[in-house]
Amino acid sequence: MNVKSYAKVGAAVGAAVFGIGALAAPASADPNPTSDKRILAGVGSDTTQYVMNGLANGSTVVTGAGNAKILASWDAIPPSGVADNISTKTSGCTFPRADVNGSSNGINKLVAEIDDTATADCVDFARSSRGPQTAGSKLTFIPFAKDAVTYASRLTGTVPTNLTRADLIKLYTCTADRPAGIKPLLPQAGSGTRSFWLQWLSDTATPITPGSCVNEGLSQAPQEHDGTALTANDQIMPYSIAQWIAQGKGLSDVPNRRGTAWVRSINGVAPTTGTGSATELNSTFPVAREVYNVVSTARKGESAIAEAFVGSGSDVCSAASLAVIKTYGFGDLATDGNPNTNCGDTTITGDK
């Protein structure tokens, strides 16, 4: 694999740096690989695209005397007026955005880059809201924040505001005794939230298989975390609680895709605490997950990747970055009750 050295690429980077206070800048805008060269290019998860954009375009994930930005984070779906194709590097690295929309598709692209030893890397990391699905050591899944998932329904709809896990299993497997008057939806194939949700609903290591009533009547699956997909009062869909919080904060770089969607309680536990601008992820919500930046295990020791992601002292795990992470609705892994996995941990591996 033709991997450019960190020192050589870093010397070529001369981007200006915005402070944390510059979160109002349009962080959802894709970087220009010609005029705004960065060392590491990332694609994948819709769930974490805005928080990673905030980190990539802020002042915390930088290097060198000029505080050059390290990360280029490309949106899973194009912002308004932005081209559908992605060009992650200056040449030979243009591909349809749909090819890398979602955690699994981003990971697949990264694996293809690893397996292609003849050409330079167009993708250096994948954003992922799910952990590894295939055993192995090709990839390292590096956690950086806590999220949780619940079901969302329309604010003035007919769906109960609390369902049990047992209710949700019946709804998504379409059993005859499922709660009446509720239509379950699932996001697009390749979505990490889709994968996580189906796994959480399973009592085995294999995710449940959605029943025939899921997405009934739809011509295509909705994009994840797009509340406008709930077009009827009887529909539900899984939704990242962190995304829902961020979408309601009025952040200029996070489109509000809530529509009338509202996140709901599961087993009697509310998804959020606080109100208004003080709304936060409920740290005790039962459907919690870690979110990751995924890198080639063979490359995790490279200077740029290590500085950005690896270990509690990495840029993404700094106190300043944690403030950004919380701004976008996510929680602190150091307080999630799991002492075995913290920000920057490199013990989680897999082949996909």
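How many aromatic pairs does a search of the whole structure find?

Guide: The model is a predicted one, and a search of the whole of it finds 5 aromatic pairs. One of them joins Trp244 and Trp262, whose ring centres are 4.8 Å apart and whose planes stand at 80 degrees to each other; since edge-to-face applies to planes over 60 degrees apart, this pair is edge-to-face. Trp244 belongs to helix H6 (residues 241-247), while Trp262 belongs to strand S12 (residues 261-263), so the pair ties together parts that lie 18 residues apart in sequence.

The two partners can also be described by their accessibility: Trp244 has a relative accessible area of 4% and is buried, whereas Trp262, with a relative accessible area of 35%, is partly exposed. The face of Trp244 has a charged neighbour as well, for Arg258 lies over that face at 3.5 Å from the ring centre.

Elsewhere, an arginine is again placed over an aromatic ring, with Arg289 lying over the face of Phe196 at 5.3 Å from the ring centre.

How values were computed
Residues are numbered from 1 along each chain as its sequence is written. This is a predicted model: local features need pLDDT of at least 70, side-chain atom pairs count only at pLDDT 80 or more; totals for chains, interfaces and linings use all residues. Side-chain values use heavy atoms; hydrogens and water are left out. Rings of Phe, Tyr and Trp (its six-membered ring) pair if their centres lie within 6.5 Å; planes under 30 degrees apart count as stacked, over 60 as edge-to-face and the rest as tilted. Helices (H or I, at least four residues) and strands (E, at least two) are DSSP runs, numbered from the N terminus. Buried means under 20% relative accessible area, exposed over 50%, partly exposed in between (1.4 Å probe, protein chains only). A charge sits over a ring if NZ of Lys or CZ of Arg is within 6 Å of the ring centre and within 35 degrees of the ring normal.
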